[in-house]
Amino acid sequence: MSDKNLKRIYMDHAAGTPLDPRVKDIMEPYLTEEFGNPGGLYREGRRAKDAIENARKTVAGVLNCATDEIVFTSGGTEGDVLALMGVAHAYMEKGRHIVSTNIEHHAVLSTLTALKKEEFEITLVDVEPNGIVDPKKIEAALRPDTILVSVMYANNEIGTIQPIAEIAKIVKKHGAIFHTDACQAAGYLPLDVQRLGVDLMVMNGTKMYGPKGSGALFVRKGVRIKPIFFGGAQEARRRAGTENVPAIVGFAKALKIASEERKKESARLCELRDYFIERLTKEIPRTILNGDARERLPNNVNVSILDIEGEATILYLDSHGIACSTGSACTSESLDPSHVILALGKPYEYAHASIRFSLGRETSKLDIDYVMEKLPEVVKILRKISPITVSENATGMSHPEAFAGEHLRVKAKSKSYKV
Amino acid sequence: MSIDVINQYTGEKWYYSDIVKDHFFKPRNLLLDAPEENNFDASGMVGSPACGDMMNMWVKIDRESERIKDLKWKTFGCGSAIAATSMYSVMLTENGGLTLAEALKVKPQHIMERLGGLPNRKIHCSVLADKAFHKTANNYFRKTGQYERIVVEGARVVDDRLNITDKDIEEAVLEGAQTLEEVQNKLKVGVGLSLSALTEIEQLVRFYSEKYYG
């Protein structure tokens, strides 16, 4: 609300992180005096070019790859679109089949939908009820004409970690190209592309205390991608447009810090995460953890607090100074409930009631204690308002009759439906 | 640190207007406990096809004057659904209550006006309150035998004496009725009907059973 003295407890780091002051410092000169276009042959240009190439070395060092395997982008969405479109268009003579999962980020899912219109065939493999894809199911989906497989490293909503290395082996054996969206994973999970065995990997600066509008795409040597931007020959003809020098410099610094602090910070956050989940599920009745409890990002807590709607919960929490997010249809521009929660085999009421807390470097145990002081009150109020009682093992909607005559695209008691 | 969101339509801080905020944090006419029998004359539950919110409404109506003496509600809905329904409940019950005929003329845009606006993609939330009341009014008309006053938008009447529509059949099936007999028990439909109407209802029962449970 408007209480200016209220301390803010920010728990939406999966959406965006604050800029690390060390990153800001290193970016500063490139916003002012070091303004040269890296394409220039004179001193200002050469200095900007050097800054980019140094950043590239840093990123390649963290990923354990060659510098010419890094393409700087404007973020996660551009990285995913460039990877998927780029490979699809470069290999369409070989085949037109692409395999992915039903919990991918919209940057992947919407790109695949666009490719479908170009007559590519898309197979989306369902994840298991714990939010993790079974590599055997990926293998079963592969066909002779499969050119590309895309599976995210860690899910942005429920934080589940996918068995990327295992899937990479299967895809390689099959002779297809493997892409992973690592936007949420960077900072928390190992990024060595040789160990992971991925061919393309996408990262995003603003998820790891770097600047917005920054990112990188790893493209393994030998993998061709067709550009999606046309213009100059920047980034080895893979990404036209004057390089965003401050963002690139900031991205590399943020990635370096994240990788240096990863183990310590992950261990700290895992402890906080488990403490938070335990208190949530013990102290607020009928609160269900979404996604696997162990194979999940150290900073991700996602629960469905049954019978109450997520947006109302968030507005109440905001008034107490707490920032978090929900998979409720009410908050999405498209008014669609979270496809990730639905993919777990839960009815839409679970998505409507889902709350994501994503912790960060500033999060302390005291912050969690504060949330646990306020949240139960909010739940109590909203449950009093709610007319429904969703079953804890529900696989279908609680009150399909309320939607009669609305051309329900659902089967009342089966698992797949959409309201 | 203050990170208030600015409403792009009104320029106000916070996502919603001050009136919306007030009704969201202090909703009027909420039913906080289970409804007691005899306390209300009719009720209705609806869902929003736009976002999945659900709304349950109860009313008490003075038989003689047809004024709304009490209106209570519950919702599984977002901030604007809560605020819009709260405002709607005030509009229908203030100053001694509107008559049923007057209340049925209150439109979602009237709720919006009183609220000082809602963001564009939240307008369907005010529609939900209106829809819940229309269903509750129909429930009242059915309970009091005033079948001719039942109005169901976008539905086809299959029993003109009781004003029962295909939507009613769909709802009965969704509530669990799977045979003609079970639907008849729920709706009292088909009593003394011609054979052709009965056949049509039977067909609808089969159609919806197949659609949702097949």
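Buried area is the accessible area (1.4 Å probe) that two parts lose on being put together, summed over both. The model is predicted: local features need pLDDT of at least 70, side-chain atom pairs count only at pLDDT 80 or more, and totals for chains, interfaces and linings use all residues. Residues are numbered from 1 along each chain as its sequence is written, and side-chain values use heavy atoms, without hydrogens and water.

**Exercise 1.** Describe the contact between chain B and chain A.

*Solution.* 
Step 1. Chain B contributes 49 residues and chain A 44 residues to the contact (heavy atoms within 4.5 Å).
Step 2. About 3900 Å² is buried between the two chains, and carbon and sulfur atoms give 63% of this area.
Step 3. One salt bridge (a side-chain nitrogen of Lys or Arg within 4 Å of a carboxyl oxygen of Asp or Glu) is counted between chain B and chain A. Lys122(B) forms a salt bridge with Glu311(A), with the closest N and O atoms 2.8 Å apart.

**Exercise 2.** Determine the strand order of the open sheet in chain B and identify its edges.

*Solution.* 
Step 1. Six bridges join E1(B) to strand E2 (residues 54–61) of chain B. Ala42(B) stands opposite Val59(B) in E2(B).

How values were computed: Chains are lettered from A and ligands numbered from 1 in the order in which they are written. Two strands pair if DSSP finds at least two bridges between them. Helices (H or I, at least four residues) and strands (E, at least two) are DSSP runs, numbered from the N terminus.
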